[in-house]
Amino acid sequence: MSPPASRLSLRPSRAPRAPRFLLAACAAVLAAQAAGCGSSASRGPDAGAAISSIDARLRGSFRLVRFEPEVPLEPMLASMLEFQYAHLVVRFDGKRILADSPGLHVDRAYEIRDPAWDRFKIVSYDEAGVAYEALCEFSGQEELIVHAQTPPWKGVATLRRAQ
């Protein structure tokens, strides 16, 4: 017996939005290291210089290479995620996050907050103006580690600079 039509209609609307949560949370992070992100350096007179430094390092394109969910994803979301590994490119231009893959386009405003060495917070805003926070950390010159806290994408994502 098939599920009621009302339950079937919920799945298509959830599926296209799901990858957007990852990006917004990129998408938006570093829950275990969040205390380090609010250092005094982010509130002092050097905060602008620290944000500019993070911005310069962040600008450019990254490819999603890994995501380790805190809670296992339902099969449909897990399949969508697997597809994104080979295709999703996220670009930071200083004002907007642009994420593209076949069938997915996300364009959101963002800002960098609370810089502390290689760690920082990104706050992005969806089409309705809802803010999503993500704590991020550079790992060397090529990787950005994102600890996402927004369901269903709670977990750790790794983005690698695109060549």
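Visitor: In which sense do strand 1 and strand 8 pair, and over how many bridges?
Guide: This is a predicted model, and in it strand 8 covers residues 155-161. The pairing of strand 1 with strand 8 is antiparallel, and the number of bridges is seven.

Visitor: Which residue in strand 2 is the bridge partner of glycine 60?
Guide: Strand 1 also runs antiparallel to strand 2, to which four bridges join it. For glycine 60, the bridge partner in strand 2 is phenylalanine 92.

Visitor: Why does the pair of phenylalanine 62 and phenylalanine 92 count as edge-to-face?
Guide: Two rings pair if their centres lie within 6.5 Å, and planes over 60 degrees apart count as edge-to-face. The centres of phenylalanine 62 and phenylalanine 92 are 5.9 Å apart and the planes stand at 80 degrees, so the pair is edge-to-face. The two residues, 30 residues apart, link strand 1 (residues 60-69) with strand 2 (residues 89-92).

Visitor: Is phenylalanine 92 buried or exposed?
Guide: Buried means under 20% relative accessible area. Because phenylalanine 92 has a relative accessible area of 1%, it is buried.

Visitor: Which residues do ring pairs link into a cluster?
Guide: Phenylalanine 92 also forms an edge-to-face pair with tyrosine 110, at 5.6 Å centre to centre and 85 degrees between the planes. Tyrosine 110 lies in strand 4 (residues 104-116) and phenylalanine 92 in strand 2, so this pair ties together parts that are 18 residues apart in sequence. The cluster linked by ring pairs consists of Phe62, Phe92 and Tyr110.

Visitor: How far apart are the closest N and O atoms in the salt bridge of arginine 96 with aspartate 107?
Guide: Arginine 96 in strand 3 (residues 96-101) and aspartate 107 in strand 4 are 11 residues apart. Arginine 96 counts as partly exposed at 32% relative accessibility, and aspartate 107 likewise counts as partly exposed, at 33%. Their closest N and O atoms are 2.5 Å apart.

Visitor: Which residues do salt bridges that share partners join into one network?
Guide: Lysine 121, which counts as buried at 16% relative accessibility, meets aspartate 114 in a salt bridge of 3.3 Å, N to O. Glutamate 133 forms a salt bridge with lysine 121 as well, the closest N and O atoms being 3.6 Å apart. The residues joined into one network are therefore Asp114, Lys121 and Glu133.

Technical notes. Residues are numbered from 1 along each chain as its sequence is written. This is a predicted model: local features need pLDDT of at least 70, side-chain atom pairs count only at pLDDT 80 or more; totals for chains, interfaces and linings use all residues. Side-chain values use heavy atoms; hydrogens and water are left out. Rings of Phe, Tyr and Trp (its six-membered ring) pair if their centres lie within 6.5 Å; planes under 30 degrees apart count as stacked, over 60 as edge-to-face and the rest as tilted. Buried means under 20% relative accessible area, exposed over 50%, partly exposed in between (1.4 Å probe, protein chains only). Two strands pair if DSSP finds at least two bridges between them. A salt bridge is a side-chain nitrogen of Lys or Arg within 4 Å of a carboxyl oxygen of Asp or Glu.
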